[in-house]
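Good morning, everyone. Please bring up the model on your screens, and I will walk you through it.

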Amino acid sequence: MSPFARGRIPLSLRRAPVPWDRQEPTWRAAKPSLIAQALKRAQSRPSGNWYVIGASRELPPGRTLGLTVGSTEIVAWRDGEGGLRAGPGACPHLGAPLRESPVRCGTLVCHWHGLALDGGPFAGWEPYPAFDDGVLLWVRLDRTGGEAPTERPRVPVRPRLREGVDAVYTGVGRCEPEDVVANRLDPWHGAWFHPYSFVDLTVTDAPDAAAGDDDGFLVEVSFKVAGRLVVPVVARFTAPEPRTVVMHIVEGEGAGSVVETHATPLAPDERGRPRTAVVEALVAASDRRGFAVARAVAPLLRPLMRASAGRLWRDDLAYAERRWELRAEGRFPG
Ligand code: FES
Ligand SMILES: [Fe+2]
């Protein structure tokens with residue numbers, strides 16, 4: 001019987017823990033050229049100039065969100081209907097930082113001299129197209145992206161929100177977006193580099209340069225729950241656009257769940273080194289009855305989900321930062 005047959009208890013007990021150094025090395029399969037090609041294909045796909053700027057839940061009405069994407073300072077807030085508004089972060093009058101300005105009934109009121117922005121063009125201030133997909137917030141920056149703009153971002157297929165539990169993790173690394181994407185396009189590091197989370201990882205299908213656009217990595221892996229208790233799943237990794245890698249759980253507990261990793265370039269640090277925000281959305285689905293309970297306790301689950309993503313990303317950002325350092329010094333192998 002398939003380990004993924006319906007109704008089966010999703011947790012498995014490994015017969016014996018595998019000592020870390022006794023697992024199968026993956027480095028031969030994880031060919032640098034293969035990862036480089038997957039990265040190149042991701043980078044050749046259109047993004048429509050859309051950038052993820054944060055989590056929907058983290059921008060309630062009455063607040064502002066300010067950040068610098070590339071070299072563009074932006075401010076975002078919600079209008080009177082709760083719609084997302086965004087535009088340049090400097091006041092068009094004398095340049096006040098609008099991220100520090102209060103929002104009154106959906107209108108951003110500059111705290112230096114009271115200029116009021118309702119989200120429409122005003123006094124030289126031109127809004128940026130903005131989109132709230134219900135989990136993440138996006139802004140379209142045509143000058144930064146330089147591609148042909150699209151009306152909407154490419155939002156990955158997700159479980160319907162009312163049936164899922166979502167959580168968003170945000171971190172910042174000293175690297176470029178491609179380093180974050182390259183880390184995600186190397187699924188082979190999972191059980192070696194994150195032995196606290198993964199075991200029994202096998203990449204069963206890797207994209208083939210000849211396969212064209214419809215490619216992805218298929219990975220069989222078990223998530224460690226506690227001790228020898230694991231949840232085996234099959235996951236598929238794809239890169240729908242240059243700054244996004246999506247992992248869909250295609251078999252096993254939580255099939256249909258999705259983890260989306262978005263990399264957004266930020267302003268460089270004081271030493272001119274690049275910085276990139278990682279915004280990772282996890283939308284978990286399950287047809288198990290226990291999941292109704294999970295939904296009810298979602299506010300409690302969310303910090304847990306964020307914390308486990310945080311632990312993985314501490315390591316993955318170290319990987320991405322190391323990759324950038326080596327590239328900057330011309331020492332990157334492969
Ligand atoms: S700087 Fe904003 S109103 Fe003067
Ligand atoms: Fe990782």
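**From the strands to the iron site**

Let me start with a pair in the strands. His248 has Val258 in β16 as its bridge partner. Helices (H or I, at least four residues) and strands (E, at least two) are DSSP runs, numbered from the N terminus. Two strands pair if DSSP finds at least two bridges between them.

A word on the source. This is a predicted model, where local features need pLDDT of at least 70, side-chain atom pairs count only at pLDDT 80 or more, and totals for chains, interfaces and linings use all residues. Residues are numbered from 1 along each chain as its sequence is written, chains are lettered from A and ligands numbered from 1 in the order in which they are written, and side-chain values use heavy atoms, with hydrogens and water left out.

Back to the strands. β15 and β16 run antiparallel and are joined by five bridges. They form a hairpin with five residues between the strands, and Gly254 there takes a positive phi near 80°.

Now step back one strand. β14 pairs with strand β15 (residues 244–252) over seven bridges, in the antiparallel sense. Thr238 has Val246 in β15 as its bridge partner. This is a hairpin too, with two residues between β14 and β15.

How many bridges pair β13 and β14? Nine, and the sense is antiparallel. Lys224 is partnered by Val230 in β14. The hairpin of β13 and β14 has two residues between the strands, and Gly227 in the turn has a positive phi of about 55°.

One more step back. Strand β12 (residues 198–205) meets strand β13 (residues 217–226) over five bridges, again antiparallel. Val203 has Val219 in β13 as its bridge partner.

There is also a three-stranded sheet. It is open, runs in the order β6-β7-β8, and its pairing is antiparallel. The edge strands, each pairing on one side only, are β6 (103–104) and β8 (116–117). Strand β7 (residues 107–109) is joined to β8 by two bridges. Val109 stands opposite Ala116 in β8.

Next, the metal. Which residues coordinate the iron ion (ligand 2)? His189 (NE2), His194 (NE2), and Asp316 (OD) and Asp316 (OD), at 2.1 to 2.4 Å. Donors are N, O and S atoms within 2.8 Å of the metal (3.2 Å for Na, K and Ca); water is not among the atoms, so sites may look incomplete.

The angles among the four donor atoms of the iron ion (ligand 2) span 57 to 144°, and the site is irregular. Four donors count as tetrahedral if all angles lie between 85 and 135 degrees; four count as square planar and six as octahedral if opposite donors are over 155 degrees apart and all others between 65 and 115; anything else is irregular.

The donor residues are spaced H-x4-H-x121-D in sequence. His189 lies in the loop between α3 (177–184) and α4 (190–193), and Asp316 lies in helix α6 (residues 298–328), 127 residues apart, so the pair links distant parts of the chain.

Are these two buried or exposed? His189 is buried, at a relative accessible area of 12%. Asp316 is buried as well, at 2%. Buried means under 20% relative accessible area, exposed over 50%, partly exposed in between (1.4 Å probe, protein chains only). As for α3, eight of its eight residues are buried.

On a 1 Å grid over the protein atoms alone, a cavity is a set of points where a 1.4 Å probe fits but cannot get out, and a pocket is an open set with protein on both sides within 12 Å along at least five of seven lines; lining residues have an atom within 4 Å of a point. Grid points are joined across faces, edges and corners, and a volume is the space filled by probe spheres set on the points.

The second largest pocket holds about 510 Å³. It is lined by 20 residues, and the closest to its centre are Pro32, Ile35, Asp186, Tyr319 and Phe332. At least two lining residues come from each of α1 (32–44), α4 and α6.

There are two cavities of 30 Å³ or more. The largest cavity has about 60 Å³, and β14 gives the largest share of its lining, three residues.
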